[in-house]
Amino acid sequence: MTFEQVTHAGTPLAIIVTNSFAKPGVHFFTPDAFSQQLAYMRHPAGAIILPHVHNPVLREVFNTQEVLFLKRGRLRVDFYDEDRSYLESRILEAGDVILLASGGHGFEALEEIEMVEVKQGPYAGEADKTRFAGITAADAVVKPIE
């Protein structure tokens with residue numbers, strides 16, 4: 001039952017929920033203020049989730065947060081601060097989920113991967129991100145997911 005909040009100087013960079021996480025009920029990993037919400041749900045057969053619609057609510061989003069669902073393979077995630085300085089890395093396995101909340105990030109596919117990305121829109125093209133040179137595999141400081 002593993003999940004981790006990766007932080008730097010008190011700021012959440014990411015939330016990782018591994019494939020082994022399993023708890024009954026509904027568990028939100030994100031604070032209410034996050035523009036992207038991440039939850040895990042486990043209900044027994046026969047449980048009813050009442051039909052519902054989502055009401056129109058005006059929201060302002062200033063920073064893109066994205067969620068990646070790793071379907072297959074292994075992926076190294078490198079974390080950077082807002083100044084583009086490398087911090088640390090984690091390895092995701094098939095079935096893991098990560099919400100990238102702030103700071104910078106880069107990736108290296110350690111095996112062929114398949115993943116699904118979910119983020120806010122509309123997409124602003126190249127105005128949406130600033131690319132920069134990252135680390136090499138030899139520079140990676142990989143920490144285990146806690």
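View 1. Phe132 is partly exposed, at 30% relative accessibility; partly exposed is the range between buried (under 20% relative accessible area) and exposed (over 50%), found with a 1.4 Å probe and protein chains only. The model is predicted: local features need pLDDT of at least 70 and side-chain atom pairs pLDDT 80 or more, while totals for chains, interfaces and linings use all residues. Residues are numbered from 1 along each chain as its sequence is written, and side-chain values use heavy atoms, with hydrogens and water left out. A pair of aromatic rings is described by the distance of the centres and the angle of the planes. Rings of Phe, Tyr and Trp (its six-membered ring) pair if their centres lie within 6.5 Å; planes under 30 degrees apart count as stacked, over 60 as edge-to-face and the rest as tilted. The count by this rule is six aromatic pairs. One of them joins Tyr80 and Tyr86, with centres 5.7 Å apart and planes at 65 degrees, so this pair is edge-to-face. Tyr80 is buried, with a relative accessible area of 4%, whereas Tyr86 is partly exposed at 22%. Tyr80 also pairs with Phe132: the centres are 5.1 Å apart and the planes at 85 degrees, so this pair is edge-to-face. Tyr80 sits in strand E6 (residues 74–80) and Phe132 in the segment after strand E10 (114–119), so that the pair links distant parts of the chain, 52 residues apart. Strands (E, at least two residues) and helices (H or I, at least four) are DSSP runs numbered from the N terminus.

**View 2. A ring cluster.** Phe3, Phe21, Phe29 and Tyr40 are linked into a cluster by ring pairs.

**View 3. A nonpolar surface patch.** Val26, Phe28 and Met41 form this patch, and together they have about 310 Å² of accessible area. Met41 belongs to strand E4 (residues 39–42). Patches are made of residues with over 30% relative accessible area and no salt bridge, where nonpolar side chains (Val, Leu, Ile, Met, Phe, Trp, Tyr) are joined within 5 Å and like charges within 9 Å. Accessible areas come from the Shrake-Rupley method with a 1.4 Å probe; for residues, only the protein chains shown count as cover.

View 4. Side chains of opposite charge can pair when their charged atoms come close. A salt bridge is a side-chain nitrogen of Lys or Arg within 4 Å of a carboxyl oxygen of Asp or Glu. The whole structure holds eleven salt bridges. Arg90 meets Glu4 in one of them (2.7 Å, N to O). Because Arg90 lies in strand E7 (residues 86–93) and Glu4 in strand E1 (residues 3–8), the pair ties together parts that are 86 residues apart in sequence. Both Arg90 and Glu4 are buried. In another, Arg76 pairs with Asp78, the closest N and O atoms being 2.7 Å apart. Arg76 is buried at 5% relative accessible area, and Asp78 is buried at 3%. Arg90 forms a salt bridge with Glu88 as well (2.5 Å, N to O). Shared partners join Glu4, Glu88, Arg90 and Lys143 into one network of salt bridges.

**View 5. The surroundings of Thr18.** Thr18 is in the loop between strand E2 (11–17) and strand E3 (25–28). With 12% relative accessibility, Thr18 counts as buried. The side chain of Thr18 makes a polar contact with that of Ser20 at 2.9 Å, and a polar atom of the Thr18 side chain lies 3.1 Å from the backbone oxygen of Thr2. A polar contact is a pair of N or O atoms within 3.5 Å; within protein, one must be able to donate a hydrogen and the other to accept it, and residues adjacent in sequence count only if both atoms are side-chain atoms. Apart from neighbours within four places in sequence, Thr18 is in contact (heavy atoms within 4.5 Å) with Thr2, Asp96 and Ile145.
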